[in-house]
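Colleague: I would like to learn how to read a protein model feature by feature. Could we look at one together, with the general idea given before each case?

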Amino acid sequence: MNELTSWIVSFDTDQIKNYIFSTNRLKEIRGASSLLLKLDRRRKKWIKNVVPGINEDNIVYSAGGGTSVLLDNEDQAKKVIAEVSRNFLDKTVTATITGVLLPPTSIFELFGQRMKQAGEQLRQAKEAKAELTNLPVEPYLHLCHSCEKYPAVEIMAERNNELLCKSCAVKRSYGDRSEFYQEFLKYVKKQDKNNQIWKKEMLPKDLDTIGKVAYPPGYIGLIALDGNHMGNFLNKLKKKEDYQEFSKRINCLVMDQTFTALKRYGQPRRLDTESYVAPFEIVIMGGDDVFLITAADIAIEVALSIAEGFEEGSKPILEGADMLQEKITMAGGVVLAHAKFPIPAMYKISEELQKSAKKICAENKYQTGALDFVVVSSSDTDLEEMRSPIPHYRPYLCKNLRKLVNYIRRFKKEEFPTSQLQAMYQSLFAGKINAQLAAIATLGRLCQSQDQKKYKLLRNFFKDFDVAFNGQLPPWTEKKITALADLVELYPFIGKEGEEK
Ligand SMILES: [Zn+2]
């Protein structure tokens, strides 16, 4: 089939993250994620229902909730859209998928440009649909206990007669098994046949379980990461085969880096006398997208490690595709909060953080990845409210966050008095001058002690985070921000152990 004279049909799942993160229950989040992954694979079969003889090679990709396929004619294209949409809704009950069709055209020379047009059309169709779906819901007798959105239809006898809607019940039915965790186990086994560290039964049963084995106790991290400016790379691909190859390699790279990071930092932890638990859950991993829930103390390391590894690993992929750019970078958000904090709110915050990280990636012409993070300490769910009172250094370029993490380790190794850090931190709330007085007083005191190590450490920290010291006083940089706020807030979430990079 000629890729320029064929019809392109492209699909994308609507509000995929809202569907997954609409509940606080890990089993339903996992179930939704596993179901969507199964449906990514199932779509091939649905397409074959309509076009039995189709060459699988005409399926450009099917991952991360989306699919693109090349077809012979308009009739086929329309039937495929109808078949896939119907089956998808049938399986998920509440999630929908949007499909668009693109007629053959000769105006584009590159396959990537056609795919870009399909993507554009898909985006518009999805936006139009989103407006339609916000219809008022009838008041029902009982709302689902889990999503509080749809009418309850099932009683879960094994869970205190909890009432669930059909959609949540379906999610729950898939929630005992994580497709991604299975993949992770395979990956670990492949690397080391005798590896018996992670086991099937170590899948956490709920978010509290992850919190229980975390440090500080009760805290979890939600990590959201994705590739920067991906469309810019995909557009330039000449042929369908290039596109397939590129998508496949990006997919593999993301998986590889995620698994590598989890293998390194996500060692099973003792839950009680009998059992161990893997301190993480892979929620989304498809295309250039990753969403993970982890024990709070590994979240920053895991996110950084994936972003750094992705950047490095993208180089040969770009080279293989004859691209001029050197690398693809990632932007991400990490939310650190108590396991009881509502997941839908946590997810929303992570997206805002990701946007803020993308902003400085753009300022740096996407030449470097970035992460933003927040420690949620109140029941506030508004990001701006949460961190408005004090000037901070966030978002961080990856290399700067690595530097911050290393400094936290050094402060811990040096047994720097946390009371002094706290005092300087508190003074940040009392205005610029008071913060200066506190920082200078601390430096002065440390300078007079016999052992100059702590003094040098604090001074170097300020210096390394843009405090010039030539008339410009710590903790402030020229822009009147300070990394001190971030150092203190992140302090409890970084272990003393662990190597410096
Ligand atoms: Zn529900």
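This is a predicted model: local features need pLDDT of at least 70, side-chain atom pairs count only at pLDDT 80 or more; totals for chains, interfaces and linings use all residues.

Colleague: Where is A331 placed, and which residues does A331 touch?

Modeller: Helices (H or I, at least four residues) and strands (E, at least two) are DSSP runs, numbered from the N terminus, and A331 belongs to strand β12. Contact means heavy atoms within 4.5 Å; leaving aside residues up to four places away in sequence, the contacts of A331 include A224, L225, D226, Q354 and A370.

Colleague: In what order do the strands of the sheet with 6 strands lie?

Modeller: Strands of a sheet pair through backbone hydrogen bonds, either parallel or antiparallel, and two strands are taken to pair if DSSP finds at least two bridges between them. Here the open sheet of 6 strands has the order β10-β11-β7-β12-β13-β14, with mixed pairing. Its edge strands are β10 (280–286) and β14 (396–397), each of which pairs on one side only. The pairing of β13 (residues 370–375) with β14 is antiparallel over 2 bridges, and Y396 in β14 is the bridge partner of L371.

Colleague: Which helix lies across β7, β11, β12 and β13?

Modeller: To give a direction, axes are lines fitted to C-alpha atoms, for helices over the stretch in contact, and angles run from 0 to 180 degrees between N-to-C directions. Helix α10 (residues 296–320) lies across those strands and runs at about 15° to β7, while helix α2 (residues 26–50) lies across β10 and β11, at about 25° to β10.

Colleague: What is the order of the open sheet of 4 strands?

Modeller: That sheet has the order β2-β3-β1-β4, with antiparallel pairing. β2 (59–63) and β4 stand at the edges with a single partner strand each, so one side of each has no neighbour in the sheet. β1 (residues 7–13) and β4 are joined by 6 bridges, and T13 has I97 in β4 as its bridge partner. In strand β4 (residues 97–102), 5 of the 6 residues are buried, so the strand is largely enclosed by the rest of the structure.

Colleague: Which residues are the protein donors of the zinc ion?

Modeller: Donors are N, O and S atoms within 2.8 Å of the metal (3.2 Å for Na, K and Ca), and since water is not among the atoms, sites may look incomplete. In this model the SG atoms of C144, C147, C165 and C168 are the protein donors, lying 2.3 Å from the zinc ion.

Colleague: Why is the arrangement around the zinc ion tetrahedral?

Modeller: Four donors count as tetrahedral if all angles lie between 85 and 135 degrees. The 4 donor atoms subtend angles of 105 to 114°, which makes this arrangement tetrahedral. C147 is buried, at a relative accessible area of 12%, and C165 also counts as buried, at 1%.

Conventions. Residues are numbered from 1 along each chain as its sequence is written. Side-chain values use heavy atoms; hydrogens and water are left out. Four donors count as tetrahedral if all angles lie between 85 and 135 degrees; four count as square planar and six as octahedral if opposite donors are over 155 degrees apart and all others between 65 and 115; anything else is irregular. Buried means under 20% relative accessible area, exposed over 50%, partly exposed in between (1.4 Å probe, protein chains only).
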